[in-house]
Amino acid sequence: MSDLILGIETSCDDTAVAVVDAEGNVRSSVVSSQLETHAAFGGVFPEFAAREHITNILPTVHEALRQAGIQPADLKAIGVTRGPGLIGSLLVGLHTATALGIGWNKPVIGINHLRGHLRSADLEERRVVYPATILMVSGGHSLLAYMKNETDIRLLGSTRDDSVGEVFDKVGRMLGLGYPGGPEVDKLARQGQANIPFPRPLMQNNYEFSFSGLKSAVSRYLAATPDAVLADVAASFVQAVMEVLVKKSRLALKKNPSKSFLIVGGVAANSQLREEAARLCKNLGVQLSLPPVRWSTDNGAMIALAAFDYLKLGIHKPPLPQLQLSINEF
């Protein structure tokens, strides 16, 4: 039996399918983007996302197999995101994976989306040295965790409201940058001066995050300052976010002896976060482990690699949707 797993990821808007081996080598990775569909709404429209997945899922699966140069018989198993995520989107991926598993006579394993992100740093090559501290920052999640190994994870703290990626997108919309706003805010911030004293929420010595107040502060400033320099607003907002993330990451690294610091999730692609993390790790003598930018956002390859961890531990989660999952749950 071939040591290959097909990974299916449909937790939000993109339909992503990949074929990966046990060492994290990506044989193929195909993503069907829904960016144009949701841009008009300034965010993901859940019902439309589910409909797009229905249209795109099978062609994306077939293309992933074609690019990998394999047949279904060559697969060891199918891994599919079971949560957290949008219920309609999750159901499309889960039902498709279940049907394919029956038709191809392959086991189907429901994968925790958050654990998929954790494994993204080891795609294409092994980058993580354990024990490790993890900062997960994406459109739906902001948290810090401590990993003794690939499967032993302890949650340190998480967001109480808006995630980092969510706030970036909302501020991007306030600045008229369209959707997704995160990458555009990052670019605009490079052109401005961080001269606006936006608040740094929850800067106490804990691992909790809260960004809704910062988002509101940006909104109030723009409403009260018609002639605001938007590049300065973006730069000041990004600086506030970075200071919060870096302070809490430094605290986690100092209190939890780590050989490496891992940043995963879509916001891991942010250029300023990567620079700040590099400085932090240099100061603390810790290895920085970052996934390549292409693996930072949602993808099927991370789900496939995580599926190997499940098989190694003899865990076979049924393909049933779960909207809420902690990072330390299989």
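The briefing below moves from overall dimensions to the sheets, the cavities and pocket, and the backbone.

This is a predicted model, in which local features need pLDDT of at least 70 and side-chain atom pairs count only at pLDDT 80 or more, while totals for chains, interfaces and linings use all residues. Residues are numbered from 1 along each chain as its sequence is written, and side-chain values use heavy atoms, with hydrogens and water left out. The protein holds 10 helices and 10 strands, where helices (H or I, at least four residues) and strands (E, at least two) are DSSP runs numbered from the N terminus.

**Overall dimensions**

- Because a compact globule with 330 residues would have a radius of gyration near 20 Å, the 20 Å found for the protein agrees with that expectation; the radius is taken over C-alpha atoms, and the globule rule is 2.2 Å times the number of residues to the power 0.38.
- Taken along the principal axes, the box filled by the C-alpha atoms is roughly 60 × 45 × 30 Å.

**Sheet with strands E1 to E5**

- Five strands form an open sheet in the order E3-E2-E1-E4-E5 with mixed pairing, where two strands pair if DSSP finds at least two bridges between them.
- Strand E3 (26-32) and strand E5 (108-112) are the edge strands, each pairing on one side only, and the twist from one strand to the next averages 20°.
- Strand E1 (residues 4-9) and strand E2 (residues 15-21) run antiparallel and are joined by six bridges, with leucine 6 standing opposite valine 19 in E2.
- Helix H2 (residues 46-68) packs on this sheet by touching E1, E2 and E3, and its direction makes about 155° with that of E3; contact means heavy atoms within 4.5 Å, and the axes are lines fitted to C-alpha atoms, for helices over the stretch in contact, with angles running from 0 to 180 degrees between N-to-C directions.
- Helix H10 lies across E1, E2, E3, strand E4 (77-83) and E5, running at about 125° to E1.

**Sheet with strands E6 to E10**

- Another open sheet of five strands, also with mixed pairing, has the order E8-E7-E6-E9-E10, and its edge strands, each pairing on one side only, are strand E8 (153-158) and strand E10 (287-289).
- Neighbouring strands of this sheet are turned by 20° against each other on average, direction ignored.
- Strand E9 (residues 260-264) runs parallel to E10 and is joined to E10 by three bridges; the bridge partner of leucine 262 in E10 is serine 289.
- Helix H8 (residues 230-255) packs on the sheet, where it touches strand E6 (132-137), strand E7 (142-147), E8 and E9, and its direction makes about 155° with that of E6.

**Cavities and pocket**

- Two cavities of 30 Å³ or more are counted; on a 1 Å grid over the protein atoms alone, a cavity is a set of points where a 1.4 Å probe fits but cannot get out, a pocket is an open set with protein on both sides within 12 Å along at least five of seven lines, and lining residues have an atom within 4 Å of a point.
- The largest cavity holds about 40 Å³ of space, a volume being the space filled by probe spheres set on grid points that are joined across faces, edges and corners.
- Helix H4 (113-119) and helix H10 (300-312) each supply at least two residues of the lining of the largest cavity, which includes Arg115, Glu150, Asp309 and Phe330.
- That lining of the largest cavity divides into five nonpolar, no polar and four charged residues, where Ala, Val, Leu, Ile, Met, Phe, Trp, Tyr, Cys and Pro count as nonpolar, Asp, Glu, Lys and Arg as charged, and the others, Gly among them, as polar.
- The second largest cavity holds about 30 Å³ of space, and helix H9 gives the largest share of its lining, four residues.
- The lining of the second largest cavity divides into eight nonpolar, one polar and one charged residue.
- The second largest pocket has a volume of about 180 Å³ and is lined by 14 residues, of which Val238, Gln239, Met242, Gln272 and Glu276 lie nearest its centre; H8 gives the most to this lining, with six residues.

**Backbone geometry**

- Most residues other than glycine have a negative phi, and most peptide bonds are trans.
- The peptide bond from tyrosine 130 to proline 131 is cis, with omega near 0°, and proline 131 is found in the loop between H4 and E6.
- The bond from tyrosine 179 to proline 180 is also cis, with omega near -5°, and proline 180 has its place in the loop between helix H5 (164-174) and helix H6 (181-189).
- Asparagine 105, in the loop between helix H3 (87-104) and E5, has a positive phi near 60°.
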